[in-house]
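Me: I would like a close look at the contacts that hold the parts of this model against one another, with the contact between the chains first. Please give the counts, the areas and the atom pairs in one connected account.

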Amino acid sequence: MSTADTVNTDVLIIGGGPSGLATAIHLADLLKSAGLERRILLIEKGASVGSHILSGAVIKTDVFKSLLPDVDFAEIPFNAKVTKDAMMMLSENGKIHVPFHPPYMSNKGNYTASLGQICRYLAKKAEEKGVEIYPGFAVSEILYDNGKVIGAKTINTGVDHHGNQLENFQAGNRIEAKLTIFAEGTRGSLAKKLIQKFDLAKGKNEQIYSLGVKELWSVPEGNIAPGEVYHTMGYPLRDEFGGGFVYGLNDNKVAIGLVVGLDYEDPTFDTHNAFQVWKTHPFIANILKGGKLVEYGAKTLPEGGWYSLPKLYVDNALIVGDSAGFLAMPALKGIHLAIASGMQAAKTASIAFSKNDFTENTLKQYDEFIKDSLIYKDMYPTRNVRQGFAKGMVAGVLNFGTDLVTGGAGFAGKLKTEADKDTTKKLSEYKKTLFHERYKNKLEPDKVLTFDKATDVYFSGVNHDEQQVAHVKVNNPQSFKTVNIEEYGAPCQYFCSSEVYEIHTDKNGNKELRIHAENCMHCKTCDIKSPGDGITWSVPNGGNGPDWQNM
Amino acid sequence: MVREGKPDFNLTLMSLTIINLIKQVPLPSEMRMGEDGLMDRTKAKSIINIDCQFALEAGLQLKKQYPDARMIACSMGPTSFEPSLRKAISLGYDEVYLLSDRKLGGSDTYATGMSIACMLQHLGFTKDSKEPFIVIAGRQTSDGDTAHVPSQVAEYLGIPQATFVESIKADGKGNIIAKRIIEGGYQMMKLPMPCAISIAPTGISPRKPSLIGAIKARNSSLTVFSADDVKVDTTKVGINGSPTIVANVVNMVSERPPVMLSAGHSETALVDSLIANIKGGGNVMGEKASTAEKVTEAPADFPVTDIRNGAKGIITWAELANGKITRPSLELLTPARKLADELGNDTKIMTVLIGKNVKSLATQLFEHGSDEVIVVEDDRLEEYLVLPRLYRTFDRRLCQQKTKSSCPAYSSLPSSDLR
Ligand SMILES: Cc1cc2nc3c(=O)[nH]c(=O)nc-3n(C[C@H](O)[C@H](O)[C@H](O)COP(=O)(O)OP(=O)(O)OC[C@H]3O[C@@H](n4cnc5c(N)ncnc54)[C@H](O)[C@@H]3O)c2cc1C
Ligand code: SF4
C-alpha cells in the first residue's frame, strides 16, 4: 500500500545508537561492495543524534576497527586511554582496595568516551555512505500486513492530552520497508511489542535490568587524571546488586554514576538518591571537590545475559543491541556488542538483499553469525553471573567464583531470573529498614555536592511538548490505587530517576498519582519496575526528552 | 478597509502565494551579547524565532483554505540560517530564499526591511502584482525585539499591514481578515491583498515537522541571493548605511538565584512551607546594592554619521484603546523626557494623537510630559487604520511643521504584551 503519506525504503532502522548506526554503516558498505543500491533510512527520536545517548563509558575499541576499516583510529572521538583501573570496596567511612582484579572487568587498552559524541561521529560517517538519518522523529507503531512486519509509523502530532486533534494536527507518516531493524536500545518500546506479538522470549529467562544514573562534572585540575577509572562496590548499597563508576576524562571532566539492579526488594529504594548518598563518600567527594555539575541523566541497561536473549528475528525484521539484550556482565559493557550485533545484522541483511528474500529462512543466519562472533565469546562464559547476584551480593560473589572454575555453568546449569517488577516487596512484607529510613540524615541535598531530582533534571535539558498524550500510562488505574499506591507505597515516586510521579495527598488523606511526564529522562524504569498491572512507557513526540551533549 | 477601485481577486482562478519572513535566532536561554554590542551568533544554539514559528503556522493554516497556495519562506542573514529555511520546508513550505551578503552585515531594521522588500520585488511581488500574495512575519524577534521589520517591509512595498495579529483568514473575496490584539480585546481588520501581517505568538501553536517534510527538506535546494541580485542600494544597508547607531549595551546579570518559596506534596504541606518561608523572611528581596552600570564605550573609530540633518525634537505617538490613551503610550513619555533632557538644547517632545473626538485627551499627555500635542481628528479615524497612504499624509504634514523632529519614539507594544 502506498499513499502520499507513505515513505518507501529498503531498510528502516529504528534508533540511532551504536547498534543502529553500526547496522547502517556496515550494511551500506556491504551493499556497495555487492554493487547493490538500496535506500537505508534511520530514524532517531532524540532532537539530534546523541541527545538521547547515555553510557558510562569505557569502551572496548577493537570492534571499531572492523566497523570502520578505512578510518584512522585517531579520528574517532574517544576521550582518554585507560591509564589506571581499580576496584574499590567502599564502606561507610573509608575505602578498601579490592586486592584482586575481578576477571571480565579489566579495562586495559580500553578508552573512556562520551557515547553521545561517538554516535554523532558514526552518524556523520553513515551519512557519508549514503544513509539517510532523520533525528527528531518518534516511531510509535509497527506496521503489519497479513501478520508480517512491513515497517513502522511515526507518531501523530498536534493532539491534546486526550488524543483529540488540534488545529496543528499532523498525521504520522507510514514508513514501509523490506527490512526493519529494531535498534531502540534498552527496553525498546516497539521491540517489546514485537517480542510479545511473536512470543520471541518463549523458553528464555526473563530479561532483567539495572538503572544507571549518571552525572558529568567539571572538576579542578588535579582531582582526577584523564583515563583514571574506578569502580566501586558496597556503600551505600546493601542487598542491592550494583556499584559505582568514576571515569576520568580530558579537560578535567569526570563521569560518575551508580548502577543498581532493578531486582531489589525495597519498595522505597531510590537509585537517584542512593547515587547522591554515594557521592558523599570521602573517596568520591574528594574527586568532586571544588567542581560543578555539568549534566545529568539516567538509563536502564539489560543484564539478563545470554539466557535472556529473545529470538532475534522474524520475517522482515531483526533486533540488535540493547533491545535484544546484548550486554556483557559483570563488566557492564554493551557498546562493542551493540556494534557487533549491528554488523552481524548488516551481514544478514546484505544476504537477504542479494537473495531478495527477507523471510526467517534467510534471516535465521543472524543467529549463527552471532554465535560465531565476539558476542558469544563475551556473553556465554558469564551467562549465569547476574542470576547468581540476584540472590544477594554474597551469594553472587560465591557464584561468580564457581563460574570461574566451571567455565560459567555454575552448580545449577542454568540459573533462572524473575521479572524485576515481581521482586519488589509490599510495604508490609519488607522487614528491613526502608531506604528512606536508612539514609534519613543524608537525603537533604546541599546543592553543591548533592542534588534533588528537580535540580538534576534541569541539568538534562529535558523538554516535552505540552500538547500531547502523556507518554507514560498507568495500565489499570483501579488496581494501581489499591495495589501500587496502597500495598507498595507507590514505588514509582522513588524509582523514577526524574520526579515524574508524585503522590498527592489531599485534605482527607486520599492519595492520588500525578504524572509530570515533561520531566521524563526516557530511562524506562517505570515500564520495568512497577508492580501489579504496571505502567507502560511509549514514545512521546519526536525531539522530546533529554538534550544530552556529552553523556 | 477595502481598497476601492481595485478588482477583487478571483481566487478560484488565480493562485495565492503565501510568503513567510523568518529569522533564525539564538536560543533565548543561551543568548549572549558580543563585546561590540551586536548579537554574538556563533556560540548559542539556533532556532527559528518563536514569533516566526507562529507566523509559519499561520501561513499553513491559511493554506488549509487554499490548498494550492504557493508557499514561500524567506530570510535575510548569514548562510548559517539554512537549517531554519530547511525546517520551514519540513513544515510544509515549498520554496525557500535567503538573502545573504557581507554588505548587509550589521543592518538595522530600516535597512533590513528595505533589503527584504527588494528581495520580494526581485521575486516578482510588488504592490501591483497581478496575482494575490500575503506576506506573513513574526511580530518581533527575540534578539532584536524591535517589531519594526514587518512594518518596514510593508511600507517599502507600499502595501497595507496589520501588526500584532493573532490569526488570519481569507474572506474568499481577495481580503484577509486579521484578528489583531489590542489593549483589552481584539480588533477585526479587513485588508485587501497584497498585504503584510505580523503575527503574535498567541495563536495556533507551531506544528511539528513531518517525516515526509523532512525528507523533502533534505532534498530541496536553497536559493541564496546577494545584495546585488536583488538590487538593493548598498549605500543604505550594512553597519555603515543603517541610520541606527547602537550607542551602548548593558548586560543584565541576575544577582540572585531563584528560591523555592513553597514545597510539599499536599496542600497542607505547601501552605505550611509557604508560611514558614514568609516568617523566616530569608527569601525577601533585600535592597539591591546598586551596581555601577557597565557602559560599553563605542570605539574611537566607530563610524558615527549624524543623519539628523539639523532636525530636533522627539515624536511620540499616543495609541488609543477604547477611547483612552494606552498605558505604554503614557509610560513612554518618561524615557522620552529623560532623553530630551539628555539631548539638551531645548529639545521638545511632540506627541501625535490621532482619532475621533480625542482633543480632550491632550491634557493627559501634557501632564505626562509632552511639550506639544498634535491632534488629528476625523470621524473616519475612530479605528486604527492600515493603509500606509494615510500615515504618509500625516508624516508629510508633520514634516512641514517648522520644528523638524529628529527622533520618533513609539511604544511598539499594545499593553496586552506584557513586557
Ligand atoms: C549508566 C550506563 C553505563 C554504561 N557504561 C558502559 C560502558 O562503560 N561501556 C559499555 O560498553 N557499555 C556501557 N553501557 C551500555 C551501553 O551504553 C549500551 O549497551 C549501548 O548504548 C546500547 O546501544 P544501542 O544502540 O542498543 O542502544 P542505545 O544506545 O540506547 O540507542 C538507542 C537509540 O534509539 C533511539 N530510539 C529508541 N526508541 C526509538 C523509537 N521508537 N523511535 C525512534 N528512536 C528510538 C533512542 O533515542 C536512542 O538514541 C552503559 C549503560 C548505562 C545505562
Ligand atoms: S517516567 Fe519512567 S522512563 Fe521516565 S524518567 Fe521516570 S522512570 Fe524513567
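Reply: Buried area here means the accessible area, taken with a 1.4 Å probe, that two parts lose on being put together, summed over both. The model is predicted. By that definition, about 2000 Å² is buried between chain B and chain A, and carbon and sulfur atoms account for 52% of it. On the side of chain B, the residues that lose the most area to chain A are B:Lys208, B:Leu211 and B:Arg218; together they make up 34% of what that side buries. In residue terms, 31 residues of chain A and 20 residues of chain B take part in the contact.

Three salt bridges are found between chain B and chain A. B:Lys45 is paired with A:Asp547 in a salt bridge, with 2.4 Å between the closest N and O atoms. As for secondary structure, α1 (50-65) and α5 (211-219) of chain B each contribute at least two residues to the side that touches chain A. The largest share of that side, five residues, is from α5(B). By class, the side of chain B that touches chain A has seven charged, seven nonpolar and six polar residues.

The assignment divides chain A into four domains: domain 1 (6-70 + 117-204 + 310-381), domain 2 (79-112 + 207-302), domain 3 (384-414) and domain 4 (421-537). The C-alpha centres of domain 1 and domain 4 of chain A are 30 Å apart. In the contact between these two domains, 10 residues of domain 4 of chain A meet 14 residues of domain 1 of chain A. Together the two domains bury about 980 Å², with 49% on carbon and sulfur atoms. Of the area that domain 1 of chain A buries against domain 4 of chain A, 47% is supplied by A:Lys45, A:His161 and A:Arg187, more than by any other three residues.

Two salt bridges cross the interface of domain 1 and domain 4 of chain A. A:Lys192 and A:Asp527 also form a salt bridge through their side chains, at 2.7 Å from N to O. Polar contacts between domain 1 and domain 4 of chain A number seven residue pairs, both residues at pLDDT 80 or more. The side of domain 1 of chain A that faces this contact consists of seven polar, five charged and two nonpolar residues.

The ligands complete the account. Ligand 1 has 36 residues around it, of which A:Ser19, A:Glu44, A:Ser55, A:Val58 and A:Asp322 come nearest. An oxygen atom of ligand 1 lies 2.6 Å from a polar side-chain atom of A:Glu44. A side-chain N or O atom of A:Lys299 is 3.1 Å from an oxygen atom of ligand 1. Ligand 2 has 13 residues around it, and those that come nearest are A:Cys496, A:Cys520, A:Cys523, A:Lys524 and A:Cys526. By class, the shell around ligand 2 holds nine nonpolar residues, three polar residues and one charged residue.

Key. Residues are numbered from 1 along each chain as its sequence is written. Chains are lettered from A and ligands numbered from 1 in the order in which they are written. This is a predicted model: local features need pLDDT of at least 70, side-chain atom pairs count only at pLDDT 80 or more; totals for chains, interfaces and linings use all residues. Side-chain values use heavy atoms; hydrogens and water are left out. A residue is near a molecule or strand if one of its heavy atoms lies within 4 Å of it. Ala, Val, Leu, Ile, Met, Phe, Trp, Tyr, Cys and Pro count as nonpolar, Asp, Glu, Lys and Arg as charged, and the others, Gly among them, as polar. Domain bounds come from an automatic or database domain assignment. Contact means heavy atoms within 4.5 Å. A salt bridge is a side-chain nitrogen of Lys or Arg within 4 Å of a carboxyl oxygen of Asp or Glu. A polar contact is a pair of N or O atoms within 3.5 Å; within protein, one must be able to donate a hydrogen and the other to accept it, and residues adjacent in sequence count only if both atoms are side-chain atoms. Helices (H or I, at least four residues) and strands (E, at least two) are DSSP runs, numbered from the N terminus.
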